[in-house]
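Colleague: Before we discuss this model, could you take me through the reasoning behind the terms you use for its helix packing and its pockets?

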Amino acid sequence: MHVRLDELLPAGTPGVLRAPDRPVEIDALVYDSRRARPGSLFFCVPGERSDGHDFASRAVAAGAAALVLERPLDLGVEEVLVQSARAAMAPAAVRFNGDPTGFYAESGSQLRVIGITGTNGKTTTAFMVRALIEAAGRERCGLLGTVKGIVGGQERPAARTTPEAIDLQADFRAMLDAGEGSCAMEVSSHALALGRTAGVRFAAAIFTNLTQDHLDFHGSMEDYFQAKRLLFLQEGGLKVINLGDPYGQRLAAELPAAITFGIDCDADYCATDISVGREGTSARLQTPAGSHDLLLPLPGAFNLANALGALAAVHGLNGAHGGSEDADIKPLLAALARGVRVPGRFEPVDEGQDFAVLVDYAHTPDSLENVLRAARELTARRLICVFGAGGDRDRGKRPLMGEIGARLADVAIVTSDNPRSEDPQQIVAEVLAGASKVSGAQVIVEPDRRQAIAAAIAQAQADDIVVIAGKGHEQGQELAGGVKIPFDDATVAREELR
């Protein structure tokens with residue numbers, strides 16, 4: 001693919017201070033100098049740890065034909081001066097890839113993108129959206145999120161929840177070229193705040209909930225909410241909002257045309273008469289297509305809420321709110337009833353033992369409480385929980401998680417998560433500060449995560465439930481100095497069980 005530089009960032013583009021003078025041919029967009037090659041356009045993006053301007057000479061040496069920068073460097077190639085190199089990536093990537101989501105209506109076909117945002121439930125909802133779209137029999141659906149990406153039917157590991165704009169638009173183009181008509185994607189608050197999704201036309205946007213997380217980045221819950229809110233400000237597209245969440249109620253009040261969902265509330269898609277058992281969660285659903293019974297083979301009201309959000313979005317995209325005769329809800333309900341397995345989300349580990357072991361990504365106060373409450377409903381015996389908190393992240397949630405683990409589990413084993421650059425012992429101490437508020441709680445400290453999992457399994461008895469929380473699908477543990485060692489909670493649990 002070859003596009004002229006003056007077509008990617010023409011004069012008049014917001015934020016462009018000095019447009020290109022020459023019609024340079026560009027055949028790749030890069031923001032990592034190691035990926036630069038002849039004919040590429042290198043974006044000098046300042047970051048937290050390094051500044052792309054410091055690597056511009058390497059990109060030019062590798063053949064970069066032009067630079068997008070915030071200060072002149074005079075390295076002998078065409079330079080486009082902009083206010084923000086990061087912000088310039090999105091419009092350039094949209095144009096370079098032929099606008100696959102149709103924001104500028106230039107492409108012959110358009111990818112329907114369903115964006116899911118919220119503190120918890122994004123991954124499960126995205127997997128469910130993909131399953132429902134394909135169950136309706138209309139088209140293949142790609143996936144972008146925390147656990148993995150599926151582009152053109154090919155799975156690949158995820159580098160981050162929401163890719164940078166250059167990678168994101170390239171993924172959309174690859175999906176269209178492979179014949180996929182939709183993409184279910186998780187949209188992180190970081191991505192929204194940093195403009196990675198600028199230029200994406202969302203066919204639907206889903207809001208799951210908002211609870212404390214990422215305050216190390218956003219500073220306050222209000223700033224965190226405002227970042228999430230950005231996903232719902234574009235004109236057009238369905239807005240699907242959880243009325244069971246206070247921030248969802250606030251968002252829905254701003255958007256009277258939104259489609260709403262929730263548990264035991266006055267929503268367009270509402271679940272009542274909820275019962276949780278080992279087979280899953282049963283409920284009566286009230287929908288625009290009438291009342292329906294559903295047995296969702298996932299425990300917990302939080303998973304039922306995720307299912308409602310996915311159902312509302314896909315049913316709405318199929319025309320449910322426009323009187324379309326094609327908006328049949330039955331195949332969507334059947335797909336939910338068959339179950340959608342999400343790696344690291346309430347994932348069972350079974351080696352023939354007489355107690356249950358569940359691995360879950362719960363790493364926020366709200367998600368940990370949801371998972372432990374759901375697990376509690378599945379046993380009359382003991383609930384044993386292994387959990388910790390990540391380093392270099394929101395420290396305010398650590399004592400909250402400690403209190404929740406000590407209060408809701410019969411045995412709380414506090415351990416290390418991803419300590420990163422912090423002292424694991426200090427993180428554990430901050431978690432224990434919350435746990436100490438629960439009188440009579442049985443709390444065990446074992447900073448070595450493998451040993452903590454081993455201790456939980458060793459003391460489990462018949463019909464107990466062991467919940468290993470915090471890392472879920474992750475395949476490594478992040479230590480000081482950027483070191484990442486192989487570590488998978490499910491694999492370690494399986495080894496200990498054997």
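Modeller: Keeping in mind that this is a predicted model, I would begin with H15, which passes H16 in a right-handed crossing. The contact is made by Arg449, Arg450, Ile453, Ala454 and Ile457 of H15 and by Asp489, Val492, Ala493, Glu495, Glu496 and Leu497 of H16. By class, these are six nonpolar, no polar and five charged residues.

Colleague: Why are H15 and H16 called oblique to each other?

Modeller: The axes of H15 (residues 449-459) and H16 (residues 489-497) come within 10 Å and cross at roughly 50 degrees. Angles under 35 degrees count as roughly parallel and those of 65 to 115 as roughly perpendicular, and H15 and H16 are therefore oblique to each other.

Colleague: What makes H13 and H14 oblique?

Modeller: Helix H13 (residues 397-408) and helix H14 (residues 424-435) pack at about 55 degrees, with their axes 6 Å apart; since oblique covers the angles left over by the parallel, antiparallel and perpendicular ranges, H13 and H14 are therefore oblique to each other. Their crossing is right-handed, and the contact includes Gly402 and Ala406 of H13 and Val431 and Gly434 of H14. The residues of this contact divide into five nonpolar, two polar and three charged.

Colleague: Which residues are the closest to the centre of the second largest pocket?

Modeller: That pocket has a volume of about 390 Å³, and of its 22 lining residues the closest to the centre are Arg278, Pro348, Ala356, Leu358 and Leu378. Strand S20 (residues 356-360) gives the largest share of the lining, three residues, while the lining as a whole divides into 12 nonpolar, three polar and seven charged residues.

Key. Residues are numbered from 1 along each chain as its sequence is written. This is a predicted model: local features need pLDDT of at least 70, side-chain atom pairs count only at pLDDT 80 or more; totals for chains, interfaces and linings use all residues. Side-chain values use heavy atoms; hydrogens and water are left out. On a 1 Å grid over the protein atoms alone, a cavity is a set of points where a 1.4 Å probe fits but cannot get out, and a pocket is an open set with protein on both sides within 12 Å along at least five of seven lines; lining residues have an atom within 4 Å of a point. Grid points are joined across faces, edges and corners, and a volume is the space filled by probe spheres set on the points. Helices (H or I, at least four residues) and strands (E, at least two) are DSSP runs, numbered from the N terminus. Ala, Val, Leu, Ile, Met, Phe, Trp, Tyr, Cys and Pro count as nonpolar, Asp, Glu, Lys and Arg as charged, and the others, Gly among them, as polar. Axes are lines fitted to C-alpha atoms, for helices over the stretch in contact, and angles run from 0 to 180 degrees between N-to-C directions. Angles under 35 degrees count as roughly parallel, over 145 as roughly antiparallel, 65 to 115 as roughly perpendicular and the rest as oblique. A crossing is left-handed if the near helix is turned anticlockwise from the far one by less than a right angle, and right-handed if clockwise. Contact means heavy atoms within 4.5 Å.
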